[in-house]
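Have the sequence and the 3D view ready as you read.

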Amino acid sequence: MLTITSHEFRTPLATIHSSAELLEYYRHLWSEERQQIHLRRIQTSVMHITQLLNDLLVLSQDETGKLDFNPTPINLVEFCRDLLEELQQSDRSQHAIVFSSECPCTSANLDAKLLRQILSNLFSNCLKYSPIGSTVRFSVTTANEQAIFQTQDSGIGIPPSDIEHIFEPFHRASNTANIPGMGLGMSIVKQAVDLHGGEMTVESAIGTGTTFTVILPFSINFHV
C-alpha cells in the first residue's frame, strides 16, 4: 500500500513543484494567460492530493473500525451544486457537465462527509475516464424516503471481467493502465453506501460509457 500511494502522490507533487518553479523564474516574461495555466495546474494538483488524502483517511478509519455514520439534515440540491462547482473548477471546463434535480423532498438525513466521498469519487471518475469535450451527466432525485444519485459518462467503460472486482481496494480495470489512480475510490464509495444502508448499481459498455446509480434511504437518526 505504501508503494502504491507514494507513487500516486509523486505526479501531482511534481506538477506543483515544476509550475511553481517556472512561475518563480519566468512569470515576468509571460502573459497573464500563460501564468494562469500554471496556477490552475497547481490548484488542480492540490485538489487531487486532497482527494487522495481523504480516500486514505476513510480507508484507514474503516480498517480500524473508527469510520462513523453521523446523519444530519442536508439540502440535497444545494449540496450537489456546491460539490459540482468545486469539481468543475478542477476540470477547467474540459467537459460539458449537465446537472438535473427532481426532488419533491429536498431535505434528507444523510452523512454529509460520507455523501461527499460517494459523489466526489463517482463524478471525478466520470471526468477522468471521459474524453475531453464529452458530456458528463449527474442527477439527484427523491422518492419513497430515498435519495437517488446517478452519474453518467461516455468514457472508456469497464470491461465485463472487471465489473465484479471494481469495489475491491486497489483494483483497477484492465483498460486504465495509462490513467493515474490508486483503485481506492470505488471501494470507499461502496463502504459509504453500505454505512447508509443503501444500494448501488453499475451499467457499463466498453467505449460507450458507464452509469452508476446510488440509492440511499433517509435516516431517522439525525442530530438536531
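## The nonpolar core

The largest nonpolar core has 45 residues. A nonpolar core here is a set of buried Ala, Val, Leu, Ile, Met, Phe, Trp, Tyr and Cys residues joined through side-chain atoms within 4.5 Å, and buried means under 20% relative accessible area, using a 1.4 Å probe and protein chains only. Leu110, Ile118, Leu119 and Phe149 have the most contacts inside this core. Among the elements that each supply at least two residues are helix H2 (32-63), helix H3 (76-91) and strand E3 (107-110), but H4 gives the most, with eight residues. Helices (H or I, at least four residues) and strands (E, at least two) are DSSP runs, numbered from the N terminus.

This is a predicted model, in which local features need pLDDT of at least 70 and side-chain atom pairs count only at pLDDT 80 or more, while totals for chains, interfaces and linings use all residues. Residues are numbered from 1 along each chain as its sequence is written, and side-chain values use heavy atoms, with hydrogens and water left out.

## Helix H4

Now find helix H4, residues 112-128. Its 17 residues reach 23 Å from first C-alpha to last, close to the 24 Å expected at 1.5 Å a residue; the expected span is 1.5 Å times one less than the number of residues. Of these 17 residues, 12 are buried, so H4 is largely enclosed by the rest of the structure. The buried ones include Leu115, Ile118, Leu119 and Phe123.

What caps the N-terminal end of H4? Asp111 does, with a side-chain oxygen 3.0 Å from the backbone nitrogen of Lys113.

## The sheet

Five strands form an open sheet in the order E2-E4-E5-E7-E6, with mixed pairing. Two strands pair if DSSP finds at least two bridges between them. E2 and strand E6 (199-205) stand at the edges with a single partner strand each, so one side of each is left without a neighbour in the sheet.

Strand E2 (residues 96-102) runs parallel to strand E4 (residues 135-143), joined by seven bridges, and Phe99 stands opposite Phe138 in E4. E4 also pairs with strand E5 (residues 146-152), this time in the antiparallel sense over seven bridges. In the hairpin of E4 and E5, two residues lie between the strands, and Asn144 takes a positive phi near 55 degrees.

Terms used
Buried means under 20% relative accessible area, exposed over 50%, partly exposed in between (1.4 Å probe, protein chains only). A polar contact is a pair of N or O atoms within 3.5 Å; within protein, one must be able to donate a hydrogen and the other to accept it, and residues adjacent in sequence count only if both atoms are side-chain atoms.
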